[in-house]
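User: Hi! Could you walk me through a few local features of this model?
Analyst: Happy to, here it is.

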Amino acid sequence: MSQGVRTRPEGSGQPLSEVYDTALLDLDGVVYAGGHAIAHAVDSLAAARSGGMRLAYVTNNALRTPDAVAGHLTELGIPTGADDVITSAQAVARLIGEQVPAGARVLVVGGEGLRVALRERGLVPVESADDDPAAVVQGYGGPDLPWGRFAEASYAVRRGVPWFASNTDLTIPSGRGIAPGNGAAVEVVRIATGAEPQVAGKPLPPMHRETILRTGAERPLVVGDRLDTDIEGAFNGGVDSLLVLTGVTDGAQLLAAPPQHRPTYVDADLRGLLAGQPEITREGDGFRCGGWTATAGAGRLELAGDGEALDGLRALCAAAWTAAGDGSCALDGEKALARLGL
């Protein structure tokens with residue numbers, strides 16, 4: 001990753017699948033949505049893999065085991081083994097294992113993914129605060145997680161038992177809309193105890209460390225749709241990132257991104273792995289990408305020219321991020337984005 005504050009998306013004369021040896025791919029909003037593969041995902045990933053790029057799937061969702069995730073991807077037409085899946089459950093289990101004795105009991109508030117990951121580390125999942133746990137761990141447990149599980153965690157944490165969380169995403173996408181995520185469940189225990197957990201998942205370093213340890217990646221590229229987890233996680237890990245616009249991030253959020261949320265590359269979907277990325281050049285007071293030129297004017301972003309909408313967005317990013325420096329751009333980009341259909 002280039003040094004200093006990023007002021008524009010970067011270009012690449014080669015396909016990204018040839019520049020990087022491993023793609024660290026988020027799942028929801030990148031590979032699939034609502035149980036179905038996102039358009040162009042299956043073919044793009046197959047082409048990247050056949051060209052020699054390793055594909056690894058990195059998720060903050062601690063509920064499902066790597067076997068279950070791999071099975072789902074394979075059903076979607078993306079052949080995947082359990083070793084290709086890295087979860088926040090695995091990251092938090094390693095974090096706990098480094099701080100408690102081998103064979104220690106861990107009170108679990110979550111699903112099977114957490115229990116499997118703890119056993120992999122030689123730890124023993126237990127269900128009650130009365131089981132003398134050496135640690136408490138919370139991970140997403142699905143909509144049927146009993147309320148009493150939060151009480152068990154609270155009893156132990158208030159007694160001083162170390163508390164860990166797989167991740168703190170406040171929401172999680174579902175086929176019916178947005179549902180409360182593990183971060184919301186963590187807040188329940190925080191309110192009851194006044195304590196703070198150690199957190200492993202994206203965007204924090206334990207998750208990035210887990211992905212590198214498990215994949216052996218030397219030139220990884222993080223691919224995601226969320227600025228505050230995927231892109232910030234890449235920033236914290238000092239590696240490059242590709243933001244795809246198939247998930248939760250829209251144009252306005254991207255233009256307002258502070259430095260830790262600015263991706264290296266921006267593309268519409270996973271076809272971006274197979275293509276080079278256009279260069280953005282400085283022209284007078286503006287920035288040019290393809291047929292578009294973007295400038296930061298008096299209180300708003302201006303866009304002139306014509307061409308591919310993504311090129312216009314990339315030019316706008318350069319104008320917005322340069323104007324913002326190490327802050328967040330407050331210039332109005334609504335009219336410019338509307339012109340791009342974004």
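**Helix packing, a strand and a histidine**

Analyst: The crossing of α6 and α7 is right-handed (the near helix is turned clockwise from the far one by less than a right angle). Note that this is a predicted model, where local features need pLDDT of at least 70, side-chain atom pairs count only at pLDDT 80 or more, and totals for chains, interfaces and linings use all residues. Residues are numbered from 1 along each chain as its sequence is written, and side-chain values use heavy atoms, leaving out hydrogens and water.

User: At what angle do α6 and α7 pack?
Analyst: About 45 degrees, with the axes of α6 (residues 148-158) and α7 (residues 182-193) 9 Å apart.

User: Switching topic, which strands does β6 pair with?
Analyst: β6 runs parallel to β7 (residues 124-126), joined by 3 bridges, and pairs in the parallel sense with β8 (residues 135-138) over 4 bridges. Pairing takes at least two DSSP bridges.

User: What is the bridge partner of Val108 in β8?
Analyst: Val137. In β7, Pro125 is the bridge partner of Val106.

User: And His72, buried or exposed?
Analyst: His72 is buried, because its relative accessible area is 16% (buried means under 20%, exposed over 50%, with a 1.4 Å probe and protein chains only).

User: What is His72 in contact with, beyond neighbours within four places in sequence?
Analyst: Tyr32, Gly35 and Arg64, with contact meaning heavy atoms within 4.5 Å. His72 itself sits in helix α3 (residues 66-75).

Methods
Helix = DSSP H or I, 4+ residues; strand = E, 2+ residues; numbered from the N terminus. Axes fitted to C-alpha atoms, helices over the stretch in contact; angles between N-to-C directions.
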